[in-house]
Amino acid sequence: MMSTFFADVAFTYILIRFFSVIYNLLLFLVNRFCLLFFTEIIVDKHGVKIVSQTIDKKYILNRLLQMNNAFISCKYINSEPYVIAKMQRIIYNIRDMKGGGIVDNGYTKRIRERVLSLEDGTVFVMSDFADIADTSTIRQSLSRLVQSGTLRRILKGVYEKPKYSKLLDEYVAADPEAVANALARSYHWTIAPCGNTALNLLGLSTQVTAVWSYISDGPYKTYEWNSTKLEFKHRTNKEITGLSYMTSLVIQALKTLGRSNVTPEVIQMLSEKLTDKDKQACLKEATESTDWVYDTIRQICGGEKVQ
């Protein structure tokens, strides 16, 4: 009788242990599946934040840290979901944060820190990091940042730190003006917006331009990504070199409008948009422009030519 009782207890204990193991195994598999396919988290200079649909967020974080042997803290930055990358890329990113990886060294860390220190939406080219490392190291470091989701590649050699819009609930498109300026830095061109692009940037036109146009002292070039097109038109150095950005922008906008379309309203609008410093620069730098353009600039700036 007693032996039967102990046998029943032992059987019950074994059965409970068996189902416990099965339960834990199923829980592990479910969380592992969710970890790989349904989890989105933040990994940035603040730490780690989970935006998850899983059963156990604490389990996900602990498992994530164990898998990467990473010693980083979890900080909940606000309460809003803000997604940088999918889970498949986050593992790579955490290894980068703790200093692991094939090519990680002091140079790579400095490149990553510079990227993280700047605002979302900033556009980079490799020459922006020339003071840190050689071209090969820069290229490898930027490629790793693209793989981790920290950067996205816009064009060959042009990268952007993605900007996420909570209002739109998606990443916003790269700013064509920022991309144009990045290309100019990379190739040592002097550029200035022209045509409808100049009018748009000064608020003189609300028409959506199909092509972002710039004059340049470099060669004629066009670049396209997604639905955006950049066009650089070669001009002589006299038209662009030595002029500040705002002076070039105003001259090109006036040329696009044409003398007959420069109304008092346009002059007033430009006068309000330009700072005192911009006005002084325009008066000093635009002396070589055509007579009617310079006369208009004098009206905009409300002053005489600076000697």
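Lys233 forms a salt bridge with Glu231, and their closest N and O atoms are 3.9 Å apart. A salt bridge here is a side-chain nitrogen of Lys or Arg within 4 Å of a carboxyl oxygen of Asp or Glu. Lys233 is partly exposed, at 25% relative accessible area. Glu231 is buried, at 15%. Buried means under 20% relative accessible area, exposed over 50%, and partly exposed in between (1.4 Å probe, protein chains only).

The model is predicted: local features need pLDDT of at least 70, side-chain atom pairs count only at pLDDT 80 or more, and totals for chains, interfaces and linings use all residues. Residues are numbered from 1 along each chain as its sequence is written, and side-chain values use heavy atoms, with hydrogens and water left out.

How many salt bridges does the rule give? The count is five. One of them joins Asp131 to Arg114, with the closest N and O atoms 2.8 Å apart. Asp131 sits in the loop between β4 (123–125) and α5 (135–147), while Arg114 belongs to helix α4 (residues 106–117), so the pair ties together parts 17 residues apart in sequence. Helices (H or I, at least four residues) and strands (E, at least two) are DSSP runs, numbered from the N terminus. Arg114 is partly exposed, at 27% relative accessibility.

Now turn to Arg185. This residue forms a salt bridge with Asp128, and the closest N and O atoms are 2.9 Å apart. Arg185 lies in helix α6 (residues 176–187), and Asp128 in the loop between β4 and α5. The pair links distant parts of the chain, 57 residues apart. Arg185 counts as partly exposed, with 36% relative accessibility.
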